[in-house]
Amino acid sequence: ALDVPLATALCVAIEEADSSEAVRAIVVTGRGDAFTAGADVSLFAAPSITVGSGQRNPSAIYQVLMSCRTPVIAAVNGVAVGMGVTLLPHFDLVYASEDASFMTPFVKLGLCAEFGSSRTLFQLLGKFRASELILRGRAIDARTAASWGLVGRVFPGEQFMDEVLAVADDLAALPPGTMQKNKELI
(Lines give C-alpha, C1' and ligand atoms only; values in the text may rest on other atoms or scores of the structure.)
Protein backbone atom coordinates (compact mmCIF):
# COMPACT_ATOMS: atom_id res chain seq x y z
CA ALA A 1 0.00 0.00 0.00
CA LEU A 2 1.17 3.54 -0.70
CA ASP A 3 2.19 5.01 2.62
CA VAL A 4 4.33 8.10 3.28
CA PRO A 5 7.73 6.34 2.92
CA LEU A 6 6.74 4.55 -0.31
CA ALA A 7 5.12 7.68 -1.77
CA THR A 8 8.26 9.64 -0.93
CA ALA A 9 10.49 7.03 -2.57
CA LEU A 10 8.33 6.94 -5.71
CA CYS A 11 8.22 10.74 -6.02
CA VAL A 12 11.97 11.04 -5.53
CA ALA A 13 12.71 8.25 -8.02
CA ILE A 14 10.53 9.83 -10.72
CA GLU A 15 11.95 13.32 -10.09
CA GLU A 16 15.54 12.04 -10.17
CA ALA A 17 14.90 10.09 -13.38
CA ASP A 18 13.22 13.13 -14.93
CA SER A 19 16.19 15.36 -14.08
CA SER A 20 18.68 13.01 -15.75
CA GLU A 21 19.43 13.64 -19.41
CA ALA A 22 20.36 9.96 -19.72
CA VAL A 23 16.82 8.82 -18.83
CA ARG A 24 14.47 9.01 -21.80
CA ALA A 25 11.53 6.92 -20.49
CA ILE A 26 10.34 5.91 -17.02
CA VAL A 27 8.50 2.66 -16.22
CA VAL A 28 6.57 2.31 -12.95
CA THR A 29 5.44 -1.17 -11.97
CA GLY A 30 4.78 -3.27 -8.90
CA ARG A 31 6.41 -6.36 -7.47
CA GLY A 32 5.00 -9.84 -7.55
CA ASP A 33 1.34 -10.01 -8.48
CA ALA A 34 0.34 -6.46 -7.50
CA PHE A 35 0.75 -3.05 -9.10
CA THR A 36 -0.40 -1.47 -5.84
CA ALA A 37 -2.90 -2.12 -3.09
CA GLY A 38 -3.74 1.61 -3.17
CA ALA A 39 -3.15 4.17 -0.47
CA ASP A 40 -2.63 2.91 3.05
CA VAL A 41 -6.17 3.12 4.48
CA SER A 42 -4.81 4.11 7.90
CA LEU A 43 -3.89 7.46 6.32
CA PHE A 44 -7.60 8.22 5.94
CA ALA A 45 -8.35 7.40 9.56
CA ALA A 46 -6.16 10.23 10.86
CA PRO A 47 -7.55 13.78 10.90
CA SER A 48 -4.46 14.85 8.96
CA ILE A 49 -1.50 13.02 7.51
CA THR A 50 1.74 13.65 9.39
CA VAL A 51 4.51 14.12 6.87
CA GLY A 52 8.02 14.70 8.15
CA SER A 53 10.65 16.90 6.60
CA GLY A 54 11.60 15.63 3.15
CA GLN A 55 8.67 13.22 3.08
CA ARG A 56 5.73 13.25 0.67
CA ASN A 57 2.05 12.68 1.17
CA PRO A 58 0.82 9.95 -1.24
CA SER A 59 -1.24 12.58 -3.09
CA ALA A 60 2.07 14.20 -4.13
CA ILE A 61 2.49 11.39 -6.67
CA TYR A 62 -0.23 12.94 -8.84
CA GLN A 63 1.63 16.25 -9.12
CA VAL A 64 4.97 14.55 -9.76
CA LEU A 65 3.43 12.57 -12.63
CA MET A 66 1.74 15.65 -14.09
CA SER A 67 4.92 17.75 -13.98
CA CYS A 68 7.29 15.07 -15.27
CA ARG A 69 8.82 15.99 -18.67
CA THR A 70 9.97 12.43 -19.41
CA PRO A 71 7.35 9.96 -20.68
CA VAL A 72 6.12 7.81 -17.78
CA ILE A 73 4.67 4.35 -18.42
CA ALA A 74 2.48 2.50 -15.92
CA ALA A 75 3.12 -1.23 -16.24
CA VAL A 76 0.17 -2.74 -14.36
CA ASN A 77 1.50 -6.20 -13.66
CA GLY A 78 -1.32 -7.40 -11.39
CA VAL A 79 -3.89 -6.09 -8.96
CA ALA A 80 -4.42 -2.31 -8.99
CA VAL A 81 -6.63 -1.06 -6.17
CA GLY A 82 -7.88 2.43 -5.25
CA MET A 83 -5.06 4.91 -5.77
CA GLY A 84 -3.42 2.34 -8.05
CA VAL A 85 -6.33 2.94 -10.41
CA THR A 86 -6.87 6.66 -9.86
CA LEU A 87 -3.21 7.38 -10.68
CA LEU A 88 -3.48 5.79 -14.13
CA PRO A 89 -4.95 8.80 -16.00
CA HIS A 90 -1.86 10.78 -14.97
CA PHE A 91 0.60 8.46 -16.73
CA ASP A 92 1.49 9.00 -20.38
CA LEU A 93 1.02 5.37 -21.32
CA VAL A 94 -0.66 2.54 -19.40
CA TYR A 95 -0.17 -1.12 -20.21
CA ALA A 96 -1.61 -4.09 -18.36
CA SER A 97 -0.73 -7.72 -18.04
CA GLU A 98 -3.60 -9.98 -19.00
CA ASP A 99 -3.53 -11.03 -15.33
CA ALA A 100 -4.17 -7.49 -14.06
CA SER A 101 -7.38 -6.34 -12.40
CA PHE A 102 -8.62 -2.90 -11.40
CA MET A 103 -10.82 -1.98 -8.44
CA THR A 104 -11.80 1.22 -6.60
CA PRO A 105 -13.41 0.11 -3.32
CA PHE A 106 -13.93 3.65 -1.96
CA VAL A 107 -17.67 3.35 -1.32
CA LYS A 108 -17.24 -0.06 0.37
CA LEU A 109 -14.65 1.52 2.69
CA GLY A 110 -16.82 4.55 3.46
CA LEU A 111 -14.46 6.87 1.54
CA CYS A 112 -14.79 9.28 -1.34
CA ALA A 113 -12.70 8.86 -4.47
CA GLU A 114 -9.43 10.72 -3.98
CA PHE A 115 -7.66 13.64 -5.62
CA GLY A 116 -10.30 14.49 -8.23
CA SER A 117 -10.38 10.96 -9.58
CA SER A 118 -14.14 11.06 -9.99
CA ARG A 119 -13.53 13.80 -12.56
CA THR A 120 -10.47 12.30 -14.27
CA LEU A 121 -12.07 8.87 -14.51
CA PHE A 122 -15.31 10.47 -15.77
CA GLN A 123 -13.33 12.31 -18.49
CA LEU A 124 -11.40 9.18 -19.45
CA LEU A 125 -14.13 6.55 -19.24
CA GLY A 126 -17.40 8.44 -19.53
CA LYS A 127 -20.09 8.78 -16.88
CA PHE A 128 -21.46 5.26 -16.84
CA ARG A 129 -18.15 3.40 -16.83
CA ALA A 130 -16.68 5.75 -14.20
CA SER A 131 -19.82 5.20 -12.13
CA GLU A 132 -19.54 1.44 -12.58
CA LEU A 133 -15.93 1.49 -11.42
CA ILE A 134 -16.33 3.92 -8.51
CA LEU A 135 -19.83 3.21 -7.18
CA ARG A 136 -19.86 -0.58 -7.43
CA GLY A 137 -16.31 -1.08 -6.22
CA ARG A 138 -16.00 -4.35 -8.09
CA ALA A 139 -12.89 -5.47 -9.94
CA ILE A 140 -12.72 -5.34 -13.70
CA ASP A 141 -10.27 -7.42 -15.70
CA ALA A 142 -7.53 -6.13 -17.98
CA ARG A 143 -9.47 -6.68 -21.21
CA THR A 144 -12.44 -4.71 -19.84
CA ALA A 145 -10.09 -1.95 -18.66
CA ALA A 146 -8.64 -1.76 -22.18
CA SER A 147 -12.04 -1.71 -23.87
CA TRP A 148 -13.12 1.09 -21.51
CA GLY A 149 -9.96 3.11 -22.23
CA LEU A 150 -8.39 2.82 -18.77
CA VAL A 151 -5.34 1.09 -20.24
CA GLY A 152 -3.80 1.40 -23.68
CA ARG A 153 -2.96 -2.23 -24.36
CA VAL A 154 -2.95 -5.63 -22.69
CA PHE A 155 -0.01 -8.00 -23.10
CA PRO A 156 0.28 -11.70 -22.25
CA GLY A 157 1.58 -12.24 -18.72
CA GLU A 158 4.75 -14.09 -19.68
CA GLN A 159 5.73 -11.40 -22.21
CA PHE A 160 4.43 -8.42 -20.28
CA MET A 161 7.59 -6.69 -19.07
CA ASP A 162 9.46 -7.47 -22.31
CA GLU A 163 6.68 -5.74 -24.26
CA VAL A 164 6.57 -2.74 -21.90
CA LEU A 165 10.35 -2.35 -21.97
CA ALA A 166 10.30 -2.53 -25.79
CA VAL A 167 7.90 0.44 -25.78
CA ALA A 168 10.19 2.28 -23.35
CA ASP A 169 13.13 1.57 -25.67
CA ASP A 170 11.13 2.92 -28.63
CA LEU A 171 10.40 6.13 -26.71
CA ALA A 172 14.01 6.44 -25.59
CA ALA A 173 15.21 6.30 -29.20
CA LEU A 174 13.15 9.34 -30.21
CA PRO A 175 14.35 12.97 -30.03
CA PRO A 176 13.88 14.11 -26.40
CA GLY A 177 13.02 17.74 -27.23
CA THR A 178 10.14 16.89 -29.52
CA MET A 179 9.07 14.12 -27.14
CA GLN A 180 8.79 16.64 -24.30
CA LYS A 181 6.98 19.20 -26.47
CA ASN A 182 4.43 16.67 -27.68
CA LYS A 183 3.96 15.35 -24.14
CA GLU A 184 3.16 18.93 -23.05
CA LEU A 185 0.67 19.32 -25.91
CA ILE A 186 -1.14 16.11 -25.00
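Helices (H or I, at least four residues) and strands (E, at least two) are DSSP runs, numbered from the N terminus. By this rule, the chain has 9 helices and 8 strands. The structure is a predicted model, in which local features need pLDDT of at least 70, side-chain atom pairs count only at pLDDT 80 or more, and totals for chains, interfaces and linings use all residues. Residues are numbered from 1 along each chain as its sequence is written, and side-chain values use heavy atoms, with hydrogens and water left out.

The overall dimensions come next. The radius of gyration is taken over C-alpha atoms, and the globule rule is 2.2 Å times the number of residues to the power 0.38. For 186 residues, a compact globule would have a radius near 16 Å. The chain has 16 Å, which agrees. Its C-alpha atoms fill a box of roughly 45 × 40 × 30 Å along the principal axes.

Of the 186 residues, 41% count as buried. Accessible areas come from the Shrake-Rupley method with a 1.4 Å probe; for residues, only the protein chains shown count as cover. The chain exposes about 9,700 Å². Carbon and sulfur atoms supply 55% of that area.

Contact means heavy atoms within 4.5 Å. Among contacts with a separation of 6 or more, 72% join residues 24 or more positions apart.

Helix H1 spans residues 4–19 and includes Thr8. Ala7 lies in helix H1 as well. Ala7 is buried, with a relative accessible area of 0%. Thr8 is buried too, at 12%. Beyond residues up to four places away in sequence, Ala7 touches Arg56, Asn57, Pro58 and Ile61. With neighbours within four places again left aside, Thr8 is in contact with Gly54, Gln55 and Arg56. Ala7 and Asn57 are 50 residues apart in sequence, yet their C-alpha atoms are 6.6 Å apart. Thr8 and Ala60 are 52 residues apart in sequence, with a C-alpha separation of 8.3 Å.

Val107 is found in the loop between strand E6 (101–103) and helix H5 (117–125). At 45% relative accessibility, Val107 counts as partly exposed. Val107 and Asp18 are 89 residues apart along the chain. Their C-alpha atoms are separated by 35 Å.

Cysteine pairing was examined next. A disulfide is a covalent bond between the sulfur atoms of two cysteines. The criterion is a pair of cysteine sulfur atoms within 2.5 Å. The structure holds 0 disulfides. The closest cysteine sulfur to that of Cys11 is in Cys68, 11 Å away and therefore too far for a bond. Cys68 is likewise in no disulfide, and its nearest cysteine sulfur is that of Cys11. Cys11 is buried, at 1% relative accessible area. Cys68 counts as buried at 5%.

For charge, Lys and Arg count as positive and Asp and Glu as negative; His and the chain ends are not counted. The place of a charge is taken as NZ of Lys, CZ of Arg, CG of Asp or CD of Glu. The chain has 14 positive and 19 negative charges. Their mean positions are 9 Å apart.

Conventions. Buried means under 20% relative accessible area, exposed over 50%, partly exposed in between (1.4 Å probe, protein chains only).
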